[in-house]
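Here is a short report for a reader meeting this structure for the first time. It starts with the whole chain and then turns to single residues.

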Amino acid sequence: MNGSPDGPSAPDDAGASLDERWMRHAFALAERAEREFDEIPVGAVLVGADGRLLGEGWNRNLADHDPTAHAEIVAMRAAGIALGNHRLVGSTLYVSLEPCAMCAMALVHARVARLVYGAADPKTGACGSVFDLIADPRHNHRIAVRGGVLGDEAGRRLSNYFRAKRGRPPL
């Protein structure tokens with residue numbers, strides 16, 4: 001079957017499965033952020049319209065001393081360099097946590113076509129939870145959004161990271 005993170009996109013009826021496969025790739029990046037850098041475990045993968053991996057990243061705020069180094073921004077920067085273009089037209093961003101306001105607006109400016117996220121962010125989510133910046137009709141670009149893909153697992157991973165920081169047992 002086509003649709004693995006290493007191959008071309010799957011047929012339309014396998015879209016949900018494809019979203020879950022790419023989300024699992026984002027989870028693996030999130031685990032790397034935690035394991036190697038003790039960063040908040042958020043991972044992001046940017047995939048082209050042709051199903052090709054364009055860029056990936058994880059939170060690097062602490063490691064890079066950079067408040068803008070969120071997983072989504074890191075992945076979009078890598079994709080922009082790979083494509084030689086700041087416009088990421090037709091692409092889909094997969095991220096384990098709902099983007100914040102900064103990342104949501106970066107998606108709009110980059111002309112990303114689709115956003116798929118795992119866990120909703122009840123504190124700073126800007127794609128439907130706290131804010132819905134992406135859906136604002138005043139923007140000159142529209143992004144299709146699918147939230148909650150493997151959302152329970154994504155939320156549990158983040159909760160367990162913070163529980164460990166507080167010396168509490170995992171969920």
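This is a predicted model. Of the protein's 171 residues, 47% count as buried.

**Overall build**

The protein has five helices and five strands. Read from the N terminus, their order is α-β-β-α-α-β-α-β-β-α. The radius of gyration is 15 Å, close to the 16 Å that the globule rule gives for 171 residues, so the protein is as compact as a globular protein of that length. Along the principal axes, the C-alpha atoms fill a box of roughly 45 × 40 × 30 Å.

Contacts also reach along the sequence. Take those between residues at least 6 apart: 54% of them join residues at least 24 apart.

The accessible surface comes to about 8500 Å². Carbon and sulfur atoms account for 54% of that surface. As for charge, the protein carries 20 positive and 21 negative side chains. The centres of these two sets lie 3 Å apart.

Helix 4 covers residues 101-110. Its buried residues are C103, A104, L107, V108 and A110. In an α-helix there are 3.6 residues a turn, so residues three or four places apart point the same way.

What do the buried residues of helix 4 pack against? Their partners are helix 3 (71-83), strand 3 (92-97) and strand 4 (114-119). Just after helix 4 comes R111, which takes a positive phi of about 65°.

**The cysteines**

How many disulfides does the model hold? The count comes to zero. C100 is in no disulfide, and its nearest cysteine sulfur, that of C103, is 3.8 Å away. C103 is in no disulfide either, with the sulfur of C100 as its nearest cysteine sulfur at 3.8 Å.

**Positive phi in the loops**

Two loop residues also take a positive phi. D38 is found in the loop between helix 1 and strand 1 (43-47). Its phi is near 55°, a positive value in a residue other than glycine. D38 is partly exposed, with a relative accessible area of 38%.

H65 is found in the loop between helix 2 (61-64) and helix 3. The phi of H65 is near 50°, again positive in a residue other than glycine. At 72% relative accessibility, H65 counts as exposed.

A49 is found in the loop between strand 1 and strand 2 (53-58). A78 lies in helix 3.

A28 is partly exposed, with a relative accessible area of 41%. A49 is exposed, with a relative accessible area of 63%. A78 counts as partly exposed, at 29% relative accessibility.

| Pair | Separation in sequence | C-alpha to C-alpha distance |
|---|---|---|
| A28 and A44 | 16 residues | 9.5 Å |
| A78 and L54 | 24 residues | 7.3 Å |
| A49 and M23 | 26 residues | 16 Å |

Which residues does A78 contact, leaving aside its neighbours within four places in sequence? They are L54, G55 and E56.

**In brief**

The model is predicted. The chain forms five helices and five strands. Helix 4 packs its buried residues against helix 3, strand 3 and strand 4. One of those buried residues is C103, and the count of disulfides is zero.

Technical notes:
Residues are numbered from 1 along each chain as its sequence is written. This is a predicted model: local features need pLDDT of at least 70, side-chain atom pairs count only at pLDDT 80 or more; totals for chains, interfaces and linings use all residues. Side-chain values use heavy atoms; hydrogens and water are left out. Helices (H or I, at least four residues) and strands (E, at least two) are DSSP runs, numbered from the N terminus. The radius of gyration is taken over C-alpha atoms; the globule rule is 2.2 Å times the number of residues to the power 0.38. Buried means under 20% relative accessible area, exposed over 50%, partly exposed in between (1.4 Å probe, protein chains only). Contact means heavy atoms within 4.5 Å. Accessible areas come from the Shrake-Rupley method with a 1.4 Å probe; for residues, only the protein chains shown count as cover. Lys and Arg count as positive and Asp and Glu as negative; His and the chain ends are not counted. The place of a charge is taken as NZ of Lys, CZ of Arg, CG of Asp or CD of Glu. A disulfide is a pair of cysteine sulfur atoms within 2.5 Å.
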